[in-house]
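Have a look at the structure below before reading on.

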Amino acid sequence: MNQVITIPSVSMDHARQAEYELAYQSSSDPWDYASSFDQVRFATIADVAKRWCPAPENSLEVACGLGYQSRLLAEFAETHWAYDYAPSAVQQTRLRCSDLQHKVNVDVRDALNPGYPDNFFDLIVMADIAMDENDDWWLQVLTKAKISLRKNGIMVVSGRIKEPSRREFENRFALLGMSVKERIYFHDRYWFKFRSLVKRVFPKNLSTRILSSSTTLGGLRAIGRLQGVNGSIHFGVVAQVGGE
Ligand SMILES: C[S@@+](CC[C@H](N)C(=O)[O-])C[C@H]1O[C@@H](n2cnc3c(N)ncnc32)[C@H](O)[C@@H]1O
């Protein structure tokens, strides 16, 4: 039987929203999402999501950032929904999905209070969303997302979650009555070490060129893979509502 949990109440943090908006206004790519690693990360997440939910009637991306992930999810969803609370991110996502605009809905919302109907989505994806916020915030975000998932719906959630926090991360899904069906590893440990070195040593143009090389990424990921689960800084799970 599922444990009964009390959902903490947390109010919207306008200062955080303004910080994110400022980040998007100050840089066209504040977190290097065009880099080869992040492009592979988005593709990996989309592949896993598609394997578990090949033809969602409604899919959602929470905190869509620049829209790379939503672009991939929208390809196999009947209707794709996405939101972010930075208006500039929403605008970027709309642009990136403009060729699929007939089936993509993007707007500004807060993950604490997204306001979608209950039992609506077959698939919800969230990645790298403010997981450094406090536990109450995170539990509230997951709870709101879960309420809008259909029975047997799938959530794919990932972020920079190192050992030993992974067990705690997975436990939150159990608390919500969801079962973890798969763990996702990104083999990115050496990528991040190399990235900070390259950015420190080389001027921006050159570092961008080095970091966009798929050969470099392939080599670094291979070393990460050899390290097993510790070779991944990003970690994710596929969780299912009511799944056994
Ligand atoms: C580091 S970016 C990650 C973007 C994207 N998910 C990815 O993996 O590329 C974090 C994003 O989360 C959004 N965000 C953070 N807190 C949010 C909230 N409470 N509601 C909606 N979006 C939020 C930010 O505006 C930002 O676009």
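This briefing goes from the whole chain to single residues.

The model is predicted. Its chain is built from 9 helices and 7 strands. A compact globule of 244 residues would have a radius of gyration near 18 Å, and the chain agrees, with 18 Å.

**The chain as a whole**

- Along the principal axes, the C-alpha atoms fill a box of roughly 55 × 40 × 35 Å.
- What share of the 244 residues is buried? The figure is 51%.
- Take the contacts between residues at least 6 apart in sequence: 76% of them join residues at least 24 apart.

**Charges**

- How many side chains are positive, and how many negative? The chain has 29 positive and 28 negative ones.
- The centres of these two sets lie 6 Å apart.
- The structure holds 12 salt bridges. Three of them are described next.

**Salt bridge Asp32 to Arg195**

- The side chains of Asp32 and Arg195 meet in a salt bridge, at 3.5 Å from N to O.
- This pair links distant parts of the chain, 163 residues apart. Asp32 sits in the loop between helix 1 (14-26) and helix 2 (36-52). Arg195 belongs to helix 7 (residues 189-201).
- Is Arg195 buried or exposed? Arg195 is buried, because its relative accessible area is 15%, and the cut-off for buried is under 20%.

**Salt bridge Asp99 to Arg71**

- Asp99 and Arg71 also meet through their side chains in a salt bridge, with an N to O distance of 2.6 Å.
- Here too the pair links distant parts of the chain, 28 residues apart. Asp99 is in the loop between helix 4 (87-96) and strand 3 (104-108). Arg71 is in helix 3 (residues 68-76).
- Asp99 has a relative accessible area of 47%, so Asp99 is partly exposed.

**Salt bridge Asp122 to Arg150**

- Asp122 forms a salt bridge with Arg150, and their closest N and O atoms are 2.8 Å apart.
- Asp122 lies in strand 4 (residues 121-127) and Arg150 in strand 5 (residues 149-160). The pair therefore ties together parts that are 28 residues apart in sequence.
- Asp122 counts as buried, at 15% relative accessibility. Arg150 is partly exposed, with a relative accessible area of 24%.
- Some salt bridges share partners: they join Asp32, Arg195 and Lys199 into one network.

**Helix 3, an enclosed helix**

- Why is helix 3 largely enclosed by the rest of the structure? Because 7 of its 9 residues are buried.
- The buried residues of helix 3 are Tyr68, Gln69, Ser70, Arg71, Leu73, Ala74 and Phe76.
- Which elements cover the buried residues of helix 3? The cover includes helix 2, strand 1 (58-62), strand 2 (79-84), helix 4, strand 3 and strand 4.

**Backbone points to look for**

- Most residues other than glycine have a negative phi, and most peptide bonds are trans. The next points go against that background.
- The peptide bond from Glu163 to Pro164 is cis, with omega near 10°. Pro164 is found in the loop between strand 5 and helix 6 (166-175).
- Asp128 has a positive phi, near 50°. Its place is in the loop between strand 4 and helix 5 (135-147). At 28% relative accessibility, Asp128 counts as partly exposed.
- Asn152 has a positive phi as well, near 65°. Asn152 is placed in strand 5. It counts as partly exposed, at 41% relative accessibility.

- Where is Leu226? Leu226 lies in helix 9 (residues 214-226).
- Leu226 is exposed, since its relative accessible area is 72%, and exposed means over 50%.
- Leu226 and His187 are 39 residues apart along the chain. Their C-alpha atoms are separated by 8.6 Å.

Key: Residues are numbered from 1 along each chain as its sequence is written. This is a predicted model: local features need pLDDT of at least 70, side-chain atom pairs count only at pLDDT 80 or more; totals for chains, interfaces and linings use all residues. Side-chain values use heavy atoms; hydrogens and water are left out. Helices (H or I, at least four residues) and strands (E, at least two) are DSSP runs, numbered from the N terminus. The radius of gyration is taken over C-alpha atoms; the globule rule is 2.2 Å times the number of residues to the power 0.38. Buried means under 20% relative accessible area, exposed over 50%, partly exposed in between (1.4 Å probe, protein chains only). Contact means heavy atoms within 4.5 Å. Lys and Arg count as positive and Asp and Glu as negative; His and the chain ends are not counted. The place of a charge is taken as NZ of Lys, CZ of Arg, CG of Asp or CD of Glu. A salt bridge is a side-chain nitrogen of Lys or Arg within 4 Å of a carboxyl oxygen of Asp or Glu.
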